[in-house]
Amino acid sequence: MTSDGDLDEITDLLDDPYARDILAKASSEPMSAKMLSERCDASLPTIYRRIERLQEHDLLTDQQRFDPDGHHYKTYEARLEQVTINLEDGTYSVEITRTEREAADRFSDLVEDLK
């Protein structure tokens, strides 16, 4: 369950068409910000602002990728699986179900934190 502040922030975020589109696209496969920009028909700054907000609520995760030429970039993957809004005794509550993270992702986060 989330607090009332989180409820407002998350409903505002999910009301945003770009945020919903990013989650939908990133739920099928991990994508770079550039790929999301192309597939969501949005500018890179718009994509990065929504990515930041989605990550603040742990609805999107990133992973560092390396090109054969030595460059690196991040890919983003949706963690949102389900949102349930309940109304009980005059009070709304929201329950968010997130996808489980792979052990490799958790290990990568650990290594990143050690740097």
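Buried stands for under 20% relative accessible area, exposed for over 50%, and partly exposed for the range in between (1.4 Å probe, protein chains only). The model is predicted: local features need pLDDT of at least 70, side-chain atom pairs count only at pLDDT 80 or more, and totals for chains, interfaces and linings use all residues. Residues are numbered from 1 along each chain as its sequence is written, and side-chain values use heavy atoms, with hydrogens and water left out.

**Exercise 1. Arg50**

Task: Find where Arg50 is placed, and decide whether Arg50 is buried or exposed.

Solution: 
- Step 1. Arg50 belongs to helix H4 (residues 44-56). Helices (H or I, at least four residues) and strands (E, at least two) are DSSP runs, numbered from the N terminus.
- Step 2. Arg50 counts as buried because its relative accessibility is 14%.
- Step 3. Beyond its neighbours within four places in sequence, Arg50 is in contact with Asp16, Tyr18, Ala19 and Ile22. Contact means heavy atoms within 4.5 Å.
- Step 4. With the side chain of Asp16, the Arg50 side chain makes a polar contact of 2.8 Å. Such a contact is a pair of N or O atoms within 3.5 Å; within protein, one must be able to donate a hydrogen and the other to accept it, and residues adjacent in sequence count only if both atoms are side-chain atoms.

**Exercise 2. Salt bridges**

Task: State how many salt bridges a search of the whole structure finds, then describe some of them.

Solution: 
- Step 1. The search finds six salt bridges. A salt bridge needs a side-chain nitrogen of Lys or Arg within 4 Å of a carboxyl oxygen of Asp or Glu.
- Step 2. One of them joins Asp21 and Lys25, with the closest N and O atoms 2.9 Å apart. These two residues are separated by about one helical turn, because they lie four residues apart in helix H2 (residues 17-28). Asp21 is partly exposed at 22%, and Lys25 is partly exposed at 25%.
- Step 3. Another joins the side chains of Glu29 and Arg39 (3.4 Å, N to O). This pair links distant parts of the chain, 10 residues apart: Glu29 is in the loop between H2 and strand S1 (31-32), and Arg39 is in helix H3 (residues 33-40).
- Step 4. Arg98 and Asp58 also meet through their side chains in a salt bridge (3.7 Å, N to O). Arg98 is partly exposed at 27% relative accessibility, as is Asp58 at 34%.
- Step 5. A network of salt bridges links Asp58, Arg79 and Arg98.

**Exercise 3. The two sides of H3**

Task: Which residues of H3 are buried, and which exposed residues are on the face turned away from them?

Solution: 
- Step 1. Ala33, Leu36, Ser37 and Cys40 are buried in H3.
- Step 2. They lie on the same side of H3 because they cover an arc of only 105 degrees around the axis. The arc is taken over the directions from the helix axis to the C-beta atoms.
- Step 3. An α-helix has 3.6 residues a turn, so residues three or four places apart point the same way.
- Step 4. The buried residues of H3 pack against H2, S1, H4 and strand S3 (72-78).
- Step 5. On the face turned away from the buried side are the exposed residues Lys34 and Glu38.
- Step 6. After H3 comes Asp41, with a positive phi near 55 degrees.
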